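Here is a quick walk through one protein model, written for someone who would rather look at residues than at tables. Keep the viewer open as you read.

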Amino acid sequence: MSPTPCVAALMMALAVAFAGRAGASPPVPVRDGQVVLPQEQDGAMPRSVVQPSGQGTKVGAPAFEYDYLPPASPGLQEIHERVLEADLWRQVPEVQAIDGMFALPRRLRFLTAECGGADVFYHPDRAEIVLCYETLRALYEQGQAHQLAMGLGEDHPLHYVRANVRFMVLHETGHALVELLDLPVTGRQEDAVDQLAAILMLRFAGLDETPAQVIDHLRLAANWMLSRSTGAYDLDAYADEHALGEQRFFNLQCLIYGTDPEGFAGMVDAGDLTAARAASCPRETRSASRAWVRLLVPHLAPGYEAYGEEAARYLGRGG
Ligand SMILES: [Zn+2]
């Protein structure tokens, strides 16, 4: 059964999905000036939240810039109005967490725009990350299909949109950081920035979100990867710079499992991960997390020294 595009429902979904999160109070203990979530993951950097000394001043680093470009197509006007009204970019907690954190050589712009097709991309010449209105529509439709297939609640499509927008935008932010900071990446950059997106979500999710909710968002991103895969590949697919959808799915599941192998033991039984791959996932998660921390810490902007100290403690735990 194919979902019927329901523009009105999508408008409502976007308005709800990206609005009204700023006032939520964090259900977490505060210790020594740091907010600490109850379940810290071993493999990835824990979600303790260190406050940078320069927060609010953004000393020395160009801030991100956010914009919502008007679409030409009448059918996309309302999506534009809704994301503008919701101020979508300022509702992505991980983007807000790293805005100003790195000493970038130029300003990085985050745009929503009409593209002529569903896409999310980083434009290196303009230092722009573009999220297409067509992608928001496609995500909502896939969220509806997922809701129907799984018998989920009415709020699922918007939940699906929000989770996937976060992962997609963080993936593109990874491309931007690699290019702007001239970070070394050996191997396939697409895989590396998938890892970074997951690590940023594990580390900088909203304070009102539990670790279980963060993991749930990552699993919806994994579902999107799988949903776009036909399973029938040609040479173009094998030659593509991206891994096959199934491989990206299992790589992301592996990163999730690696944060807590005991807690996610059921993933192997459910077929989300093979036992053979699961055995290496704690090491993979830890290795990817430590590598990204090492790459990014030298580029912290003035005022963010506290993050450097936190990273040093994390890296100092060996391995
Ligand atoms: Zn990419």
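## What you're looking at

This is a predicted model, in which local features need pLDDT of at least 70 and side-chain atom pairs count only at pLDDT 80 or more, while totals for chains, interfaces and linings use all residues. Residues are numbered from 1 along each chain as its sequence is written. The pLDDT score is the predictor's confidence in each residue, from 0 to 100. Its mean here is 82, and 80% of the residues reach 70 or more.

A contact here means two C-beta atoms, placed from the backbone, within 7 Å.

## Overall make-up

The protein has 13 helices and 6 strands. These are DSSP runs numbered from the N terminus: H or I over at least four residues for helices, E over at least two for strands. Of the 319 residues, 37% count as buried. Buried means that 20 or more other C-beta atoms lie within 10 Å of the residue's own; 12 or fewer makes it exposed, anything in between partly exposed, with C-beta atoms placed from the backbone. Among contacts with a separation of 6 or more, 65% come from residues 24 or more positions apart.

## The sheet

Four strands make an open, mixed sheet in the order β3-β4-β6-β5. At the edges sit β3 (65-68) and β5 (120-123), each pairing on one side only; pairing takes at least two DSSP bridges between the strands. From one strand to the next, the twist averages 15°. Strands β4 (residues 109-113) and β6 (residues 128-132) run parallel and are joined by 5 bridges, with Phe110 opposite Ile129 in β6.

Helix α5 packs on this sheet, touching β5 and β6, and its direction makes about 20° with that of β5. Axes are lines fitted to C-alpha atoms, for helices over the stretch in contact, and the angles run from 0 to 180 degrees between N-to-C directions.

## The core

The largest nonpolar core holds 65 residues, and those with the most contacts inside it are Val169, Met201, Leu218, Ala221 and Leu252. Helix α5 (residues 156-180) gives the most to this core, 11 residues. Such a core is a set of buried Ala, Val, Leu, Ile, Met, Phe, Trp, Tyr and Cys residues joined through C-beta atoms within 7 Å.

Beyond four places in sequence, Leu252 touches Asp194, Ala198, Leu218, Ala221, Ala222 and Met225. Ala198 is in helix α6 (residues 189-204) and counts as buried because it has 31 C-beta neighbours inside 10 Å. Apart from neighbours within four places, Ala198 contacts Leu218, Leu252 and Leu255.

## Helix α9

Which helices does α9 pack against? Its buried residues meet α6, α7 (211-227), α10 (266-269), α11 (275-278) and α12 (281-296). In α9, 12 of the 15 residues are buried, so the helix is largely enclosed by the rest of the structure. The buried ones include Phe249, Phe250 and Leu252.

## Two loop residues

Ala127, in the loop between β5 and β6, has a positive phi of about 50° although it is not a glycine. It is partly exposed because it has 18 C-beta neighbours inside 10 Å. Asp182, in the loop between α5 and α6, also has a positive phi, about 55°. Asp182 counts as exposed because it has 9 C-beta neighbours inside 10 Å.
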